[in-house]
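Me: I have a structure open and would like to go through it step by step. Could you help me with it?

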Amino acid sequence: MLEVTVTESSPASTLVTVSGELAGPGAERLLARLDRLLDQGHRYVVLDLTAVTFCDSSGVSSLVRGHARASAAAGGLRLSAASAQVTKVLELSGLARMLGLKSTVDI
């Protein structure tokens, strides 16, 4: 099960902590949460992926779709602090470069 929690918010950006498996229903849960944040006016979102234990193609898809929606709202989506397994998936998919994967959490 994936858990998504807003852990910090400033006028510049919002930090969202994600934990569990970014796959299947969890991927949809993350996308729905990103949609709500964007609807509430949060334009720049940083995802802390420290506690994400697994990411599959549906997780990659949710990140791409979240990025597209944030960009359409004149904002952005960044990734930070992914585990080795998740980092590998993000690098292979090109998302690490596209979304600016950072090794530490900073908003």
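Predicted model: local features only at pLDDT ≥ 70, side-chain atom pairs only at ≥ 80, totals over all residues.

Me: How many salt bridges does the structure hold?

Reply: There are 2 salt bridges in the structure. In general terms, side chains of opposite charge can pair when their charged atoms come close.

Me: Which residue forms a salt bridge with Glu28?

Reply: The partner of Glu28 is Arg65, and their closest N and O atoms are 3.3 Å apart. This pair links distant parts of the chain, since Glu28 belongs to helix 1 and Arg65 to helix 2, 37 residues apart.

Me: And what is the relative accessibility of Glu28?

Reply: The value for Glu28 is 42%, so this residue counts as partly exposed. Arg65 is partly exposed too, with a relative accessible area of 32%.

Me: Which side chain does Arg69 meet in a salt bridge?

Reply: Arg69 meets Asp35, with 2.5 Å from N to O. Because Arg69 lies in helix 2 and Asp35 in helix 1, the pair ties together parts that are 34 residues apart in sequence. Arg69 is partly exposed at 32% relative accessibility, and Asp35 is partly exposed at 23%.

Me: New topic: holes. How many cavities of 30 Å³ or more does the structure hold?

Reply: The structure has 1 cavity of that kind, and the volume of the largest cavity is about 30 Å³. As background, rolling a probe the size of a water molecule over the atoms shows where empty space is left.

Me: Which residues line the largest cavity?

Reply: The lining is made of Leu34, Leu38, Val45, Gly66, Ala70 and Leu77. Helix 1 (25–39) and helix 2 (57–72) each contribute at least two residues to this lining. By type, the lining residues are 5 nonpolar, 1 polar and no charged.

Me: What does the side chain of Thr14 join in a polar contact?

Reply: The side chain of Thr14 is joined to that of His42 by a polar contact of 2.7 Å. Beyond residues up to four places away in sequence, Thr14 touches several others, including Val6, Tyr44 and Val45.

Me: Where is Thr87, the other threonine I have marked?

Reply: Thr87 is placed in helix 3 (residues 84–93), and it counts as buried at 17% relative accessibility. The side chain of Thr87 reaches the backbone oxygen of Ala82 at 3.3 Å. Apart from neighbours within four places in sequence, Thr87 is in contact with Ala82 and Leu101.

Me: Last topic, backbone angles. What is phi of Ala74?

Reply: Phi of Ala74 is near 60°, a positive value in a residue other than glycine. For context, most residues other than glycine have a negative phi. Ala74 sits in the loop between helix 2 and strand 4 (76–80), and Ala74 is exposed, with a relative accessible area of 58%.

Me: What about phi of Ala81?

Reply: Phi of Ala81 is near 55°, again a positive value in a residue other than glycine. Ala81 is in the loop between strand 4 and helix 3, and Ala81 counts as buried at 13% relative accessibility.

Note on methods
Residues numbered from 1 in each chain as written. Heavy atoms only, no water. Helix = DSSP H or I, 4+ residues; strand = E, 2+ residues; numbered from the N terminus. Buried < 20%, exposed > 50% of the residue type's maximum accessible area, 1.4 Å probe, protein only. Polar contact = N/O pair within 3.5 Å; in protein donor to acceptor, adjacent residues only side chain to side chain. Contact = heavy atoms within 4.5 Å. 1 Å grid on protein atoms, 1.4 Å probe; cavity = no way out; pocket = protein on both sides within 12 Å on 5 of 7 lines; lining within 4 Å. Points joined across faces, edges and corners; volume = space filled by probe spheres on them. Nonpolar A, V, L, I, M, F, W, Y, C, P; charged D, E, K, R; others polar. Salt bridge = Lys/Arg side-chain N within 4 Å of Asp/Glu carboxyl O.
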